[in-house]
Amino acid sequence: MSRFTKIALIGLILFPFAFLLMLSLGKQWPYPAIFPEQWSLSNWQLVLGGSEGLGNSVLVSVLLSLSVATLSTSLSFWVSRHIAYHPKREAWLSLAYFPYVFAPVILAACLQFFFIVAGLYGTFGGVLVAQLFITFPYGVIFFSSFWNERLRSMEELVKTLGGSTAQAYAKVLVPVAKGALMTCFFQLFLISWFEYGLTNLIGVGKVPTLTLRVFQYVSEANIFLAALASCLLILPPVALLWLNRAVVFREG
Amino acid sequence: MQQRWAAYGGRSLFVLLSAVPIVAGVSYALLYSLGLTGVLSEGFTLAHWQEVLGDAAFWRTLGFSLYVAAVSIGVALGLSLALVLRSPQAFTKGALSFFIYLPLSIPAIVMAFFIFQWLGKGGWLSRLSHQLGLIGALEQFPDWVNDNYGIGIIVAHVIMATPFFTIFFANLYQNERLGEYLHLAATLGAKRRQRIFRVAVPVLLRRGLATVFLYFMFVMGSYEIPLLVGSQSVQMVSIRTIQRLQRYNLGDIPEAYAISVAYTVMVVVLLVGLLWYNRKQMGRA
């Protein structure tokens, strides 16, 4: 691939990011101007100032995604071991594909009744449980290829030497799985971070994550705040990518 | 003994979090659509199913979802295969190997917003066309957003899927040692066209079939993108279902659930077909 093609491709990739950043810094954008007539940092100051509820949305999103990713990663790591070593492993694993039969938003629509009965409708806990239904099976599928005979032998060695199951996890399995656990955690964090339909339906708009804010601002035709909320949504995944790249380089 | 209980506990939790919600959701939707539960339930009836299955709009919705998924995935596959086969190393080494991941950090709702502001009548491309003298007024810009052909939806999905498949195929190319196969094919006298269409594309598509299929399902069931850039007259399945559920007319709810069940059955049939095909291929291998 020629240098020009590479630069053109990178330019194409960066265009949406630059475009959203431009809108988040704009104030007036009458047709047919290509760029906003006024530029200002005032939209970004809203996040720091806490007005418009954007700061609150950032907090809710971070808290929700961290909780979902932590719970799903740890539960799926533990459960996947019991699935992976089962003689009918493939049959068990096919259950993990069940949630993907539904679109998340349709799943939420069909489960609304149960969330109302359980008193979880319109609550942070309800959204968290609903997101577990899509992230946990993903985690199980992710870890299913991690378990192998070598790990099983290491685990048995710990027990032969008098160690307990908890010690086998703490001293051997978790340290060995550190990389996989981190990768799974980041992926589940992103699934939760990007989620809109299910969060909106089960949260009834009362759990104001950033994705809900984007839609709210678009509905209000406030494109500048919608662009700002979009930038806030994109920032953590980009930071994670950069971090991943930095770690890979350091290890390389 | 303790280990056995832990294994039972682990597997029970697995069933509870992955299968139970789906079985409960489908059962509830089925019962509601058959008039056996819900606010207006009056006992068993097939009326809602007859209404849905006899409604041309429902079939149009299913057809439109299939069409959007097929065109989006088709275009994305074509572009990503072309990029990877043109320069396989470019996406595993160097600057592009980092930048190609960036579009994956854009959530669907943000992509929909971007498409709206980029391709819409008052969007950036329309403004650029006006400045270049290609159009004289905003109305002259074509309907690429909220249109009946789903152009905005398709473009959004293509932008999201192309980098994903490019990364996927670039890694597959390396792991499957496709370069060596192509070199062998060239040694045996295969021309460039034959090497691409008889060796590279079949190997990559066959190995990536399950992933392509799952992405196809993801596009078919997508919600945020058609919600912002889709048309009101031709809707995708998720939009039609949720709109019917959220209307003030309670009589629409059983139909919404009937659509959910019908869509689920369709996806299950496709999924079973894929598993059957995969098993057959593995048997051959």
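Residues are numbered from 1 along each chain as its sequence is written, and chains are lettered from A, with ligands numbered from 1, in the order in which they are written. Because the model is predicted, local features need pLDDT of at least 70 and side-chain atom pairs count only at pLDDT 80 or more, while totals for chains, interfaces and linings use all residues; side-chain values use heavy atoms, with hydrogens and water left out.

## Confidence

The predictor's confidence in each residue is given as pLDDT, on a scale from 0 to 100. Chain A has a mean pLDDT of 90, and 96% of its residues reach 70 or more. Within chain A, helix 1 has the highest confidence, at 95, and helix 2 the lowest, at a mean of 80. Helices here are DSSP runs (H or I, at least four residues), numbered from the N terminus.

## Where the chains meet

Let us start with the interface. On the side of chain B, 75 residues are in contact with 69 residues of chain A, where contact means heavy atoms within 4.5 Å. The size of an interface is often given as the accessible area lost when the parts come together. Here the two chains bury about 6,500 Å² between them, 81% of it on carbon and sulfur atoms; buried area is the accessible area (1.4 Å probe) lost on putting two parts together, summed over both. In chain B, the residues that lose the most area to chain A are B:Phe14, B:Phe113 and B:Arg127, together 12% of what that side buries.

Which helices of chain B each supply at least two residues of the side that touches chain A? They are helix 1 (2-33), helix 3 (56-86), helix 4 (96-99), helix 5 (108-119), helix 6 (124-131), helix 11 (224-229), helix 12 (237-246) and helix 13 (253-284). Helix 1 of chain B gives the most, with 20 residues. By kind, the residues of this side of chain B divide into 50 nonpolar, 20 polar and five charged. In that grouping, Ala, Val, Leu, Ile, Met, Phe, Trp, Tyr, Cys and Pro count as nonpolar, Asp, Glu, Lys and Arg as charged, and the others, Gly among them, as polar.

Eight residue pairs are in polar contact across the interface, both residues at pLDDT 80 or more. A polar contact is a pair of N or O atoms within 3.5 Å; within protein, one must be able to donate a hydrogen and the other to accept it, and residues adjacent in sequence count only if both atoms are side-chain atoms. The count of salt bridges between chain B and chain A is zero.

## Salt bridges

A salt bridge is a side-chain nitrogen of Lys or Arg within 4 Å of a carboxyl oxygen of Asp or Glu. Over all chains, the structure holds eight. The table shows three of them, with the exposure of each partner. Buried means under 20% relative accessible area, exposed over 50%, and partly exposed in between (1.4 Å probe, protein chains only).

| Pair | N to O distance | Relative accessible area |
|---|---|---|
| A:Arg81 and A:Glu155 | 2.4 Å | A:Arg81 10%, A:Glu155 4% |
| A:Arg89 and A:Glu90 | 3.4 Å | A:Arg89 24%, A:Glu90 55% |
| B:Arg207 and B:Glu176 | 2.9 Å | B:Arg207 51%, B:Glu176 23% |

B:Arg207 is in helix 9 (residues 192-207) of chain B and B:Glu176 in the loop between helix 7 and helix 8, so this pair ties together parts 31 residues apart in sequence. Salt bridges that share partners also join A:Arg81, A:Glu155 and A:Lys159 into one network.

## Local details

In chain A, the peptide bond from A:Tyr31 to A:Pro32 is cis, with omega near 5 degrees. A:Pro32 is found in the loop between helix 1 (3-24) and helix 2 (42-49).

Two residues of chain B have a positive phi without being glycine: B:Asn146, near 55 degrees, and B:Arg177, at about 50 degrees. B:Asn146 lies in the loop between helix 6 and helix 7 (151-175) and is partly exposed, at 36%. B:Arg177 sits in the loop between helix 7 and helix 8 (178-187) and counts as exposed, at 55%.

Finally, A:Val58 belongs to helix 3 (residues 54-84) of chain A. Leaving aside neighbours within four places in sequence, A:Val58 is in contact with A:Val47, A:Leu210 and A:Leu232.
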